[in-house]
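Please find below a colleague's note on the structure shown here. The points are numbered so that each may be taken up separately.

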Amino acid sequence: MSKLEDALDNFDEDDIPEDEELQPEWWDFDDHAEMVEAIAGDIAFIIESALDARGDALLALPVSPEALPVLEALAEKQIKWKHVTIIPTHDYLIPLDDPRSHVKKLAELFLTRGARVLPLAPDHEDYHMAGAAADARLQDTKWPLDLVWLGMGADGSTAGIRESADMEEALDGPPEKRAVGLLPDEGDIPLVTITKAAICEARTVVVMLKGAAAQSMLEAEIEQGATSMAPIGRVFADLAVAVDIYVEN
């Protein structure tokens, strides 16, 4: 049994005092392989719970070098994948067959298992139009997300939300908006990301970090809450569900 499963089995909502904020649950690992299997197992448990409760599951997953081992382990799980829909937390405005395409990697891993994998960055040269098209596509999905898996950049970015003229729309735009286009300040490739509102509507949120410095940074941003200058801090300020944070030491 995974740590998350064990915690949930012993969880009693009556033990939480009224009006008390839910606190993130931190899980520390010294062994990389152990952490990979723990996260993959816990996500599989979340998927199975959603399938049991509602007959389908909707996930937003990151694609990064750190996330790939977990995604590969997750893809090996015996799950009724045909009832699972997966979107990337963000993706770049590049051709779908580009090796950097996040949806391409997710499709290689999960489409072959029978899951439904939806592109987040449609084929539009204008990133604003791409964001609007992605939002319209997500409006047609069964909402909310059952799981959002977040990472954190060295600048406090998360799910593709980073410093740009479009950051405030991603963080504090209309609450019904689920995706926006974004052009990073540093002149990187335009992208489409899910919004803070979409993240905060999710039933479950998990975060994966590497190293004590990243943990300390996230703890500081969580402490700052809504006054945080970093997207990850602003997201945490509005999260109303329990969050599991996995840290590789």
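1. Confidence. The model is a predicted one. The protein chain has a mean pLDDT of 91, and 91% of its residues reach 70 or more. Residues 13-19 have a pLDDT below 50, and in the model this stretch has two contacts beyond near neighbours in sequence. Where pLDDT is low, predicted coordinates should not be read in detail.

2. Two aromatic pairs are present in the structure. In one of them, F29 and Y246, the ring centres are 6.4 Å apart; the planes lie at 25°, under the 30 degrees that count as stacked, so this pair is stacked. F29 belongs to strand β1 (residues 25-29) and Y246 to strand β10 (residues 243-248), so the pair ties together parts that are 217 residues apart in sequence. F29 counts as buried at 2% relative accessibility, and Y246 is buried with a relative accessible area of 2%.

3. The tilted aromatic pair. W81 and F110 have ring centres 5.2 Å apart and planes at 50°, so this pair is tilted. W81 is in the loop between α3 and β3 (84-88), whereas F110 is in helix α4; the two are 29 residues apart, and the pair links distant parts of the chain. W81 is buried, with a relative accessible area of 4%, and F110 counts as buried at 0% relative accessibility.

4. Helix α3. Within helix α3 (residues 68-75), the buried residues are V70, L71, A73, L74 and A75. Against which elements do the buried residues of α3 pack? They pack against α2, β2 (57-61), α4 (102-110), β6 and β9.

5. Residue Q215. Helix α8 (residues 212-224) contains Q215. Is Q215 buried or exposed? Its relative accessibility is 15%, and under 20% counts as buried, so Q215 is buried. Apart from neighbours within four places in sequence, Q215 contacts W26, D28, L209 and V247.

6. The second largest pocket. The second largest pocket holds about 600 Å³ of space. Its lining comprises 27 residues, of which S64, E66, G151, M152 and G153 are the closest to its centre. Two or more lining residues come from each of α2 (32-54), β4 (90-92), β6 (147-150) and β9 (205-210). The largest share, three residues, is from β9. By class, 13 of the lining residues are nonpolar, 10 are polar and four are charged.

Notes
Residues are numbered from 1 along each chain as its sequence is written. This is a predicted model: local features need pLDDT of at least 70, side-chain atom pairs count only at pLDDT 80 or more; totals for chains, interfaces and linings use all residues. Side-chain values use heavy atoms; hydrogens and water are left out. Helices (H or I, at least four residues) and strands (E, at least two) are DSSP runs, numbered from the N terminus. Buried means under 20% relative accessible area, exposed over 50%, partly exposed in between (1.4 Å probe, protein chains only). Contact means heavy atoms within 4.5 Å. On a 1 Å grid over the protein atoms alone, a cavity is a set of points where a 1.4 Å probe fits but cannot get out, and a pocket is an open set with protein on both sides within 12 Å along at least five of seven lines; lining residues have an atom within 4 Å of a point. Grid points are joined across faces, edges and corners, and a volume is the space filled by probe spheres set on the points. Ala, Val, Leu, Ile, Met, Phe, Trp, Tyr, Cys and Pro count as nonpolar, Asp, Glu, Lys and Arg as charged, and the others, Gly among them, as polar. pLDDT is the predictor's confidence in each residue, from 0 to 100. Rings of Phe, Tyr and Trp (its six-membered ring) pair if their centres lie within 6.5 Å; planes under 30 degrees apart count as stacked, over 60 as edge-to-face and the rest as tilted.
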